[in-house]
Amino acid sequence: MHPAFSVIFLTTLIGVGQGLFLALFTGQLYALANLLPAQTDLFYAQGSMIALMLLIGGLVASVFHLGRPERAWRAATQWRTSWLSREVIVLPAAMLFTAVYGLLHYFGWTQPLFVISQTLPVDATLIVGALGTLATFLLFLCTAMIYASLRFIKAWHSPLTVANFLFLGIASGFMLAAALSAYNSSSLVVFYGTWAVVATLLGAITRGASLYRNSDFRCKISMQSAIGVHHAKLHQKAQGFMGGAFNTREFFHGKSDALLQMLRYGFLLMVFILPVLLILLAYLLESSRLPIAAFLIQYAGLVIERYYFFTEAKHPQNLYYQSMA
Amino acid sequence: MTQLALVIDLNVCVGCHACVTSCKEWNTSGWAGPMTDQRPYGEDPTGTFFNRVQTYEAGVFPHTETYHFPKSCLHCEDPPCVPVCPTGASYKREDNGVVLVDYDKCIGCKYCSWACPYGAREIDEKQRVMKKCTLCIDRITDMSLPESERKPACVLACPTSARLFGDVHDSDSEVSVAIREQGGYALQPEWGTKPANHYLPRRKTRIQIHEDELVRADNPLKKEQLPSLPEGGETLDDVAW
Amino acid sequence: MQDPTKQSDSDLGRVEIKETTCYMCACRCGIRVTLRDGEVRHIEGNPNHPLNKGVICAKGSSGIMKQYSPARLTKPLLRKPGAERGDSDFEEISWEKAFDLIEERLGKIRADDPKRFALFTGRDQMQALTGLFAKQFGTPNYAAHGGFCSVNMAAGLIYTIGGSFWEFGGPDLERSKLFIMIGTAEDHHSNPMKIALADFKRRGGRFISINPIRTGYSAIADEWVPIKPGTDGALLLAIIRELIQQGLYDREFLIKYTNSAELVVDDPERDDHGLFRRFETHVEEGCFDPENKLWWDRELDREISTHTPGTDPRLLGSFTLEDGTKVKPAFQLLKERVEEYTVEWAEDITGIPAETIKRLAHEMGVVARDQKIELPIQWTDSWGNDHESVTGNPVSFHAMRGLAAHSNGFQAIRSLGILMTILGTVDRPGGFRHKAPFPRPIPPCPKPPNSPEGVQPNTPLDGMPLGWPSKPDDLFVDEQGEAVRIDKAFSWEYPLSVHGLMHNVITNAWRGDPYPIDTLLLFMANMAWNSSMNTENVRDMLKDKDDNGEYKIPFIIVADAFQSETVAFADLVLPDTTYLERHDAMSMLDRPISEFDGPVDSVRIPVMPPKGECKPFQEVLIELGSRLGLPAFVKQDGSRKFRDYPDFITNYESSPGSGIGFLAGWRGKGGEKFLKGEPNPRQWEMYQKNGCVYHHELPKSYQYMRNWNQGYLEWARAHGMTRYVEPITLHLYSEVLQRFRLAAQGKSSGKQPPERLRKRVISHFDPLPFYTAPLEHKLIDSRQYQISALTQRPMAMYHSWDSQNAWLRQIHTHNYLFVNPKLAEANGFGDGDWIWVESPTNKVRCMARLSEAVEPTTVWTWNAIGKAAGAWGLSEKANESQKGFLLNHLISEELPPCDAGEFMSNSDPVTGQAAWFDVRVKIYPAGEDEPKVTSPQFKVQKKVPGQDPQRGRWQAYFAGMFRRKHKLD
């Protein structure tokens, strides 16, 4: 597939935003359990605002993918069948919860509403946070399923795609949380950093697995099946046009193997190895800058990863567009 | 339920592209038009077509087969492009099974094209909506046309009548009979999309000549044999008694 | 969106439906044009048309884009003073001024020496009119593009069976069982061929394609037999030999309907050696075979006049007549001739395994013999015998340029005619069948002038500009035996050049050989590009000047509808209309669209007004003919005779009161007559009512065996289609050719060839078919140049015409050289690489595409996709000029100097057919550092005044809104 930057930024930005929201809420839960020192409401408000900005950024990026963005509202109608439609519903929901969560904290509406089992005081942020968490996970699912549900694209059609979106989103979000903590000289750097490393390592496992799965990629469909001529030696000579068509622009990346290999090594380094090393180094050096660098490098790596994700996908329609004359 | 479809006979398709441009011609000014062209007189001209004819070669010289392969939307019975559409712009008609796009609803997200393993959809880069073969819905349902002309433009144009059109759910229709009797097949059947369009395979006629058929009793060469009676010389009649 | 089932397309805008005839290629299908608010909504096949029965091809369906092409010329243009030819620097002038200019110039030429005016036309369909104009003007220097198209196919078969393929006749696939297509990609009559081929395959017929390349029709063949280019004659002769050896020939057919059994003098000492032995009898003069020849009677064992009732002649043997003359039946001579042409011999030459050749022969012979068709149709032959049925041998053939465009093509095509003859498949069901006005006498009657005196000032030409020589005295040569025509047609160099040699006109005129000319009028011929061989040099000749600074070809007028490459070289440009804007007649006097079952002709009637100041070239000729006072175009008093072209078509008669005009249908005062009859003032109207076509279906008994069908021949005579009711005996043995050979041998009185040409005429005017390698192959370094380079016409393009077409050019935007992978590997390059293709003439750089569907000593490309930058309304960066290439640069229009002369056309020595398939090349990779564009490149051709401005990035055609949206007039 031809990598579409609108979609690359959509998925990576909302991934960070979702991950950041999860980081914030996780932090709140830990604090509730007295496993972490409590943070100020402003911390959550700021964090939520950043997460919201990221989600909005993703949404804006997605608009560039649409031919007719002015009708985008129509995209919410087919939630029964379309993962894309579901994403279109869940994304605003996640944004809403993120925003409300941040506002609740900002305005300090954190008085317990009720107490569960006499130990767990439940305030509005907790409820909204929980709903937001649900929306966030759903959003990960919807986004990933847009790709994973395409059974014709073997590279994507796998639970690994969902796992990757999930873990990489969480990793980058926690990484950002660590970076923000570091920036604010907060004590949460280690907490977020550790979870970021855990998510990054989980992502490394699933992404590694999908890379391995796709490395001996063989299209289920052959040219023989594509045109129904069962001859072992079959070649296309003419695709019916010579100046290109949607079929050649949308479904081919046109990149050399060497470049793809470089990209692959690049994102493996930038998404997985460097951030983990930088976080570890940050612990050792107690640096407040390294987590920021870790996040920035990981995010840049994710852009490359997502770009590569598109190039990995071999669409069966490409069988029909192999040669021109 | 009616399922209209094309049956394309690769046995007779000579790759003339009549279906390609007759389609463009009809549809660019029709319900599904316009079909925009980009750089029409410049470098790498490109444009929206609902139908293309491709060429393939099988085998190694001198045992080479050349195939011409017309390719358009297959109007799948279970079209993967329809459920993925987030707006409902992509739909399959209940009355005749034709898969269509409502341009007014389409947001141009291209997701349907990703979901189609056949590459049957093309975005109109100017109008920025997805377009595809409509089986000339505005011809085949236009009751003001005589019945013989209520057919897709490509079918009417095809000089080798390599394109049959009809209801594949009606077992007695021309298309169903052709599929049944001439080995009609679907493309990429592995996916279970159940394309309504089918293709008929290449068929070969051979002649078997037995050696004893070469020379017959009435071989004209016999007429040319000169009477060659040997003159003179003894025969048994001369020497025996 | 509105539910598409709830509206009708016809509800949108003001809808008009008109019928006319297509002109996107030479096929001439009937079309129905739907207009919406005056713009073309839809062009579809006319379902009631006998030719295409409702179907239409890719080109026909794209007529809209031709109509609105930005390449269209819209104003008469004059080269600006001081501007150089080739610079495309023109100023607009009025038609009045253009006509004045031409009238003055041509008037002077006509009064002085009419042959200094040359009129050559491209792929027009109005040769009856252009030829009439030339004849009336008095110049012999006229021809259409047949010389470089396929004259070998016309001449080779017409001189053998009295008809040929394409418009003249074709395979009866409706009843055929075995169909062999040889040397054909796609061509004239392409839709009827496609229709018939598909039906034939569906009925279970067996289709064999013999071709170096497997594309188009060949793709669906049951068997592809790859052959080396230029060797078809060898294959056909080997098949003929095998058929004769096996006795797989139709003896009865050969005896009754061909000259096979006729006795030929076989005594090299005699002056009539090789001529038929004739007995003394009164014979009327005429261009037919008098029945004064002899058979050898089997029973009586002596000679007897042919067709003596009750006789059965011998086909084989050697006999001595009563007067001591040694004779042999023609068939015996053929048998002896092909003795050496064994299948093993042919294998070496053609690359086809001997076993395959043998099998092909057996398939043909056995199908012809064992699957005989018998139709219960009564008919009477020319000798008065009544037949209860028509029988046929269901083996049919179709052939085109693969055979024709070689310098040995005439004899190869003669071989094909003879193969069809011995199989007995001429004008019989399931075989080859004629289309009216064919069959015609062998050869047909019209003759060119036979001396320079035929050209006189202010006088029509004495003879036809193009004709059919039957003997040396018919040649158009001077006292020295040298050419009178600028293209040297009908000279000893190319005696039977019945379509002229358009491909040598520019070179000859530039060289002043045989003489310089003054004005060259080119109509619809892209001579500065794909219609010329050696294109790069021809472009230089067009702008070459003499020592006085004057152009060597002083004045060039180009009439065309589009900004072709040739337009840039014009002094005066006349903008023609498209086919949708004009009247036209597909006349019985030219090449009508007849069917097997009877004559058909058709017309075009405008469906929309001309764009800008475009004027149909027909109107230009009528105007000029009237202004110049050419007798056919003016009344006795010199005043104009015809108002316009439609008036001309209605009222013109070949001679006063002849009843023969351009159109065959609805003649007679009220339209009650056909073929022959007085002019009908409402004839156009009647054509229009009938879909612009007239179809006269013959009675069944006149539909077959027409060469010898008394009823048909009498009918044809009565309706003015033939001059004689004599049988048209097939020329298995060509006495016509032998007459030229005898002259060259000095054995006949009358015209003699110049010494330099005697040997050439003796060897090529062989009355029996023979195989020899193409001329050029013997004159070049064949070790260096071993690869044949061919072109084929793609089905979605008609010559250079369709690169301006926004839809068609997306299908073929540029072209590759197709190369067999083995050949590519041996020459060090791979798929998609840039390579050089070099011939002894020139070299081109292009891209290679590997293909298993091409014979490994052949490379090929699609014809005329490559364009000069800026031409045809395309941008200078268009793929056509940057990645597309023209093979013509490699092909020489002249042979290397040889015994026959220094400047001999690279053509068939019999017919002058351009031998563009003879070219041999070498191929090698281009350097890494070379630019990735094709070579040669030319200075960008400028747009001319009156062309539409650049269309911009987007074009969305929607009938009714297009011109407004794009601000076109």
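With 325 residues, chain A would have a radius of gyration near 20 Å as a compact globule, and its value of 22 Å agrees with that. The model is predicted.

**Chain A as a whole**

- Chain A contains 10 helices and 3 strands.
- Along the sequence, these elements follow the pattern α-α-α-β-β-α-α-α-α-β-α-α-α.
- The C-alpha trace of chain A spans about 75 × 45 × 35 Å along its principal axes.
- Of the 325 residues in chain A, 51% count as buried.
- When contacts in chain A between residues at least 6 apart in sequence are taken, 77% of them join residues at least 24 apart.

**Two crossing helices in chain A**

- Helix H1 of chain A covers residues 5-32 and helix H5 of chain A covers residues 159-183; their axes come within 6 Å and cross at roughly 65 degrees.
- The crossing of H1(A) and H5(A) is right-handed.
- On the H1(A) side, the residues that meet H5(A) include Gly15(A), Val16(A), Gln18(A), Phe21(A) and Leu24(A).
- On the H5(A) side, the residues that meet H1(A) include Phe165(A), Leu168(A), Gly169(A), Ser172(A) and Ala177(A).
- The residues of this contact of H1(A) with H5(A) divide into 13 nonpolar, 6 polar and no charged.

- In E11(B), Tyr199(B) is the residue opposite Ile8(B).

**Where chains B and C meet**

- Chain C gives 80 residues to the contact and chain B gives 70.
- On the side of chain C that touches chain B, the elements that each supply at least two residues include strand E3 (39-45), helix H6 (190-202), helix H12 (354-370) and strand E35 (954-955) of chain C.
- H6(C) provides the largest share of that side of chain C, with 7 residues.
- The residues on the side of chain C that touches chain B divide into 37 nonpolar, 25 polar and 18 charged.
- Strand E2 (residues 37-38) of chain B is joined to E35(C) by 2 bridges, and the two strands run antiparallel.
- Trp954(C) in E35(C) is the bridge partner of Gln38(B).

**Chain C as a whole**

- Chain C has 27 helices and 35 strands.
- A compact globule of 969 residues would have a radius of gyration near 30 Å, and the 27 Å of chain C agrees.
- Its C-alpha trace spans about 85 × 70 × 70 Å along the principal axes of chain C.
- Buried residues account for 64% of the 969 residues in chain C.
- Among contacts in chain C between residues at least 6 apart in sequence, 70% join residues at least 24 apart.

**A sheet in chain C**

- An open sheet of 3 strands in chain C has the order E26-E27-E28, with antiparallel pairing.
- Its edge strands are E26 (584-586) and E28 (693-695) of chain C, each of which pairs on one side only.
- On average, neighbouring strands of this sheet are turned by 10 degrees against each other, direction ignored.
- E26(C) and strand E27 (residues 600-604) of chain C are joined by 3 bridges and run antiparallel.
- Ala585(C) stands opposite Val603(C), which lies in E27(C).

**One exposed residue in chain C**

- Asp540(C) is found in helix H16 (residues 535-542) of chain C.
- Asp540(C) counts as exposed because 12 other C-beta atoms lie within 10 Å, and a residue is exposed at 12 or fewer.
- Trp510(C) and Asp540(C) are 30 residues apart in sequence, and their C-alpha atoms are 9.9 Å apart in space.

How values were computed
Residues numbered from 1 in each chain as written. Chains lettered and ligands numbered in written order. Predicted model: local features only at pLDDT ≥ 70, side-chain atom pairs only at ≥ 80, totals over all residues. Axes fitted to C-alpha atoms, helices over the stretch in contact; angles between N-to-C directions. Helix = DSSP H or I, 4+ residues; strand = E, 2+ residues; numbered from the N terminus. Left-handed = near helix turned anticlockwise from the far one by under 90°. Contact = placed C-beta atoms within 7 Å. Nonpolar A, V, L, I, M, F, W, Y, C, P; charged D, E, K, R; others polar. Pairing = 2+ DSSP bridges. Rg over C-alpha atoms; globule rule 2.2 N^0.38 Å. Buried ≥ 20, exposed ≤ 12 C-beta atoms within 10 Å, placed from the backbone.
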